[in-house]
Amino acid sequence: MTMQETTETHRLETPASVSADAHPLDLATLYERFKRPLHSYIYRLLGSQEDADDLTQEVFLRAHVVWHDLHDHDHLSSWLYRLATNGCIDLLRRRKRLAWWPLTRRHRSSGPGGADSDEDAAYLPLESGGIPEIFEREHIRLTLASMPPEYASALVLSAAQGLPYQAIAVILDISPGAAATRISRAKRLFAEQYQRLDPAGLGKPEEE
Amino acid sequence: MNHDPELPPIPAAGDAGSQGCAVVGLYLALLDDLSPEQVQAVFRHLAVCAHCTQELQRLRRTTRLVASLPASEPSPQVDQAILAALAAHREEQVPPRTRPFPSPGRRKRQARLRFLGQLAAAAVLVLAVLTGIHLLSLAPPGAGSGFVLPATLSWSGSVVYHSETRLAADGTPYQIETYHDLGTGRMHVETVMDDRVDVVAVGDEQVMLGKDMRHHVAQWGAAAW
């Protein structure tokens, strides 16, 4: 609350207007504090600035709708991360469904063999331009996109957002043990997929 | 040891069977989140287990790769849009007619209304004086003013913008209703003190017209306010 607003309250002298301000933290302040970590989280998962922009906006507008009914202000960061995670998982699932058609066409035109690689290759932008860092970044994103969204989000929360498994458990609304298991499996799954989608074998599907 | 009851206990260093390695593998993936004691127990196992040592390299590489994805922030336009939306929603979230008490977001509007309230209170005083003068002089009501209220005056084209009960100096409650004329976008104020005073202040471009229960009319130039 700003100084000006405080004075305003006193001048109005209506008790209701004083008691109505039960929220010490303003949502705009919360936005300023969390916009970077949340946007980074979403961008890392979705790989698109536009989608990350949209989802960040959605998270804060949703947060706003329930803001005044929110009593638990101790876990605001977990709560925002949960909204973002749910949004990401929805979008990733939708993408996988949408990807089915173009991928089928792609599969047919590329001939038999390497169907799995083709499916994921649809996510790989062609304009990586041969720059190694960009290529590796796309390789990482491709690997994340190939994983079940629940695992990809747990992995990004742990490895990139640097959150401990106990905090991730709160975000995902599962037990700490389940969060630990999910992170552990997600890391192994990533390692396998990353290997499988190795750049050397990406352009030309491996022969079995 | 800072043990999480949700996780299986870390096996002793000698227990390098596949079962033991599976449990250690769980801890290897969470190495950054473990207490120093837990890390020590894990490393005692690693010292005698080549398989888990190799697994740790693989997991560390994964962490490093995912962590290498760059940070980002909302595009400037989106950033502005979100801030504007949060601010606008704050203003709109309590429509004036559905909630009797002011909320924090409406303070600015409240301040404006408070000003209108003062205008209405001033109207009560001025009209009371005018009424007294008229009664003393026994002049016909409204005579000499040259101003009349619009014959079509009604609140039908207006919505109640604000409603407030106040106490006069002697403790008598009076009601101030502010109407928003949707046609002209102007504000009108009616002040009612149960059956004793009813003052209407209607504004146009130049003047504010006031009318009380006995049809006495007062006029103020805009500058006089």
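## Contacts and make-up of chain B

In chain B, 47% of the contacts with a separation of 6 or more link residues 24 or more positions apart; two residues are in contact if their C-beta atoms, placed from the backbone, lie within 7 Å. This is a predicted model, in which local features need pLDDT of at least 70 and side-chain atom pairs count only at pLDDT 80 or more, while totals for chains, interfaces and linings use all residues. Residues are numbered from 1 along each chain as its sequence is written, with chains lettered from A and ligands numbered from 1 in the order in which they are written.

Chain B holds 5 helices and 6 strands, and from the N terminus on they run α-α-α-α-α-β-β-β-β-β-β. Helices (H or I, at least four residues) and strands (E, at least two) are DSSP runs, numbered from the N terminus. Of the 225 residues of chain B, 23% count as buried. Buried stands for 20 or more other C-beta atoms within 10 Å of a residue's own, exposed for 12 or fewer, and partly exposed for anything in between, again with C-beta atoms placed from the backbone.

The model scores ipTM 0.73 and pTM 0.57. For each residue, the predictor's confidence is its pLDDT, from 0 to 100. Chain A averages a pLDDT of 76, with 67% of the residues scoring at least 70. The pLDDT is below 50 over residues 102-126 of chain A, a stretch that has 29 contacts in the model beyond near neighbours in sequence.

Chain B averages a pLDDT of 70, and 45% of the residues score at least 70. Its confidence is highest in α3(B), at a mean of 95, and lowest in strand β6 (residues 217-221), at 51. Residues 137-147 of chain B stay under 50, yet the model has 14 contacts for them beyond four places in sequence. Where pLDDT is low, the predicted coordinates should not be read in detail.

## Helix α10 of chain A

Helix α10 (residues 176-196) of chain A has 21 residues and reaches 30 Å from its first C-alpha to its last, close to the 30 Å expected at 1.5 Å a residue. That expected span is 1.5 Å times one less than the number of residues. Buried residues in α10(A) include A179(A), I183(A), A186(A), F190(A) and Y194(A). What covers the buried residues of α10(A) includes α7 (132-146), α8 and α9 (165-172) of chain A, together with α1 (18-29) and α3 (50-67) of chain B.

D173(A) has a positive phi of about 60° although it is not a glycine, and it is exposed, with 12 other C-beta atoms within 10 Å. Most residues other than glycine have a negative phi.

The axes of α8(A) and α10(A) come within 8 Å and cross at roughly 100°, which makes α8(A) roughly perpendicular to α10(A). Axes are lines fitted to C-alpha atoms, for helices over the stretch in contact, with angles running from 0 to 180 degrees between N-to-C directions. Angles of 65 to 115 degrees count as roughly perpendicular, under 35 as roughly parallel, over 145 as roughly antiparallel and the rest as oblique. From α8(A), Y151(A), A154(A), L155(A) and S158(A) meet α10(A) residues, among them I183(A) and F190(A).

The axes of α10(A) and α3(B) come within 9 Å and cross at roughly 85°, so α10(A) is roughly perpendicular to α3(B). Here K187(A), F190(A), A191(A) and Y194(A) in α10(A) meet R58(B), L59(B), T62(B), L65(B) and V66(B) in α3(B). The buried residues of α3(B) include L59(B), T62(B), L65(B) and V66(B), and the buried residues of this helix pack against α7, α8 and α10 of chain A together with α1 and α2 (36-46) of chain B.

## The nonpolar core

A nonpolar core is a set of buried Ala, Val, Leu, Ile, Met, Phe, Trp, Tyr and Cys residues joined through C-beta atoms within 7 Å. Of the 62 residues in the largest one, I42(A), A84(A), L155(A), V156(A), I168(A), I183(A) and V66(B) touch the most other members. Helix α3 (residues 27-46) of chain A gives this core its largest share, 10 residues. Not counting residues up to four places away in sequence, A84(A) touches L38(A), Y41(A), I42(A), L55(A) and V59(A).
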